[in-house]
Amino acid sequence: MIRLEKRPTPSKMWTYLTPIVAVLLTMIAGGLMFAALGKNPVEAIRTIFYDPLFNEQFAAYSRPQLLVKAAPLILIAIGLSLGFRAGVWNIGAEGQYIIGAVVGGGVGLAFYPSGSPLIFPLMIVAGGIGGWAWAMIPGLLRVWFNTSEILVSLLLVYVAEQILASMSLGLMRNPEGGGFPGSRNFQQWDAVANVELIPGTGMHWGVVAAFLAVIGAYVLLAKHVLGYQIRLTGAAPRAARFAGVSPSRLILTCMGISGALAGLAGLFELTGPAGQISIDFNSGYGFTAIIVAFLGRLHPVGILLAGLLMALTYIGGELAQFMLSVPAAAIQAFQGMLLFFLLAVDVLTNYRIRLARTDTKTGAA
Amino acid sequence: MAGISLELLLAALMVAATPILLAAIGETVVEKSGVLNLGVEGMMITGAICGFAVAVETGSPTLGFLGAALGGAVLSLIFAFLTQVLLSNQVATGLALTLFGLGFSALIGQSYAGVKPPPTGDIDFGPLSDIPFIGPVVFSHDIMVYVGILATAAVWAFLRYTRAGLILKAVGESHDAAHALGYKVVRIRILAIAFGGAMAGLGGAYISLVRVPQWTEGMTAGAGWIALALVVFGAWKPWRVLIGAWLFGGITVLQLNLQAAGIAVPVELLSMSPYLVTILVLVIMSADKRRAALNAPASLGRVFHATS
């Protein structure tokens, strides 16, 4: 009979090992899935995890893509992780990402075609505020009415998608676009184009912001009183309240930071890789970032690594789609599997597994 | 408002309410046992594709619905294993279920895009369906509409009048006390989760086999989340969940009708209305803190680890 015994404190070793074990298990299960799809599992896994980085033919294109894809994931996941640590579940980052892009983009378009260098910073601020405001809706409803922030933030994703559709078909449609849906292309507007800062690296302002967020979150958690409050609330909510932490303020702060970062991610994506507001502007980064946050153990450095790994599965997935005609959906299932395995092996962090024969224990509690 | 007949509206409402009703009734049982499964959306979409695939391959909608229930239940057992045996966080695991379900269903569904499923016929009530007004509204639907209502009644009776229902509620209110009394907390919860998965699967299949009826990726479009909100709206009481489902069905049908009628309101605003109304209702229901706390199962979402 296998018994679980709660560890007094989470195991340090397993905290670091579980993400690695989870990735390995996902590779095995994913390989089985690819085999079931009639693909060579070894080849598929190699195409996803190895070829984008080291294949001579593809690496030149794929490597810069790594930072491009990882940046929004890391930026969003950093914000989410602060809330998750404190038991504040913002799962609507996808919506905040959209609204950040729409608000930031809207502010920019209001000044079109000005060439002022101030517009891009202004758009960044507007994007952050847009995401922040969208996250404040579930935050304030939670604080005022005790409404589940999980459900509200998620439902607002669907509302944001409708706003996005409305904007790209109406208000923000490119007047010179020949009636096609979608806004002007920000990439073709030099004053605001979020271009590659160092050629050949994929490094754009969003990547810079993501790195800054990692450092900021690290310092916040290690040194700042807010970081202490977040960690305390996560570990012992009642103790935190006695210690003078205001739950309402903490909820609003966590929701606000995560919303603002998601909004920023949306704005950088809009002015960079995406280029324009269109109906299919959002591509699920807000949801994948949830996996990134957990895979990174809600720790800033972990999230940095997890973001890069998850970006790799995106790029490798595209490659596998192209090379082996593995369906795009397989990658999504693959990413979901990763979170499953992570949560499953996490039991080892918090519990010790004991093989105990129940009959030898005579009722000892 | 001209051109929208109340009779057709009410008839369509019953159909529109069915998927979220089925899923929400299942989730009510799950939450009554003290488990918060946020994976309803993932189980619904999995049910949608499993039901669709089975129905297309066998030509039988009945087998399709059975396959959907099975698919949803199997997926929910992953959640059950992770949260009940490996003691993982229920919120995170529920989300994982949804993310995985969306990807997995898209994967299976690839070869089914554009396929037409076998039609699910309406039940023949004979002369009853000829009654003016009541006939078309109440007695002109397919079997799943009535299954939804019967399931509501069954769950209500189960929770209220049976010993098993009482034990289930005890587990949800205080798993430690229930455990001390000798009830198998984990086993009961796993059964409840599987039931919730099967019901969500049925709800999903109703969307792909009857409401739409065809397969597209992500076609549940938040129905699972609305079902979760319905449980809160219904204060964990089956009949109130039913009323909530009809209310949301009504709003969905009304906004679709208004879109079709070309009324001078932006289409996007109408399309987002079901979500906005859901949020509004959630706010109203949770605003009264005392009542909300009274109705919610006390052990909801808490990890149970038997120490002895």
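Two residues are in contact if their C-beta atoms, placed from the backbone, lie within 7 Å. The views below come from a predicted model, in which local features need pLDDT of at least 70 and side-chain atom pairs count only at pLDDT 80 or more, while totals for chains, interfaces and linings use all residues. Residues are numbered from 1 along each chain as its sequence is written, and chains are lettered from A in the order in which they are written.

**View 1. Surroundings of Leu230(B).** Leaving aside residues up to four places away in sequence, Leu230(B) touches Ile20(B), Ala24(B), Val241(B), Gly244(B), Ala245(B) and Phe248(B).

**View 2. The largest nonpolar core.** A nonpolar core is a set of buried Ala, Val, Leu, Ile, Met, Phe, Trp, Tyr and Cys residues joined through C-beta atoms within 7 Å. A residue is buried if 20 or more other C-beta atoms lie within 10 Å of its own. The largest such core has 213 residues, and Ile74(A), Leu75(A), Ile76(A), Ile20(B) and Leu230(B) have the most contacts inside it. Helix 9 (residues 185-211) of chain B supplies the largest share of this core, 16 residues. Helices are DSSP runs (H or I, at least four residues), numbered from the N terminus.

**View 3. Helix 7 of chain B and its cover.** Within helix 7 (residues 163-173) of chain B, the residues Leu168(B), Ala170(B), Val171(B) and Gly172(B) are buried. Their cover includes helix 1 (6-32), helix 8 (175-180) and helix 9 of chain B.

**View 4. The interior of chain A.** Of the 365 residues of chain A, 52% count as buried. Among contacts in chain A with a separation of 6 or more, 79% join residues 24 or more positions apart.

Conventions: A residue is buried if 20 or more other C-beta atoms lie within 10 Å of its own, exposed if 12 or fewer, and partly exposed in between; C-beta atoms are placed from the backbone. Helices (H or I, at least four residues) and strands (E, at least two) are DSSP runs, numbered from the N terminus.
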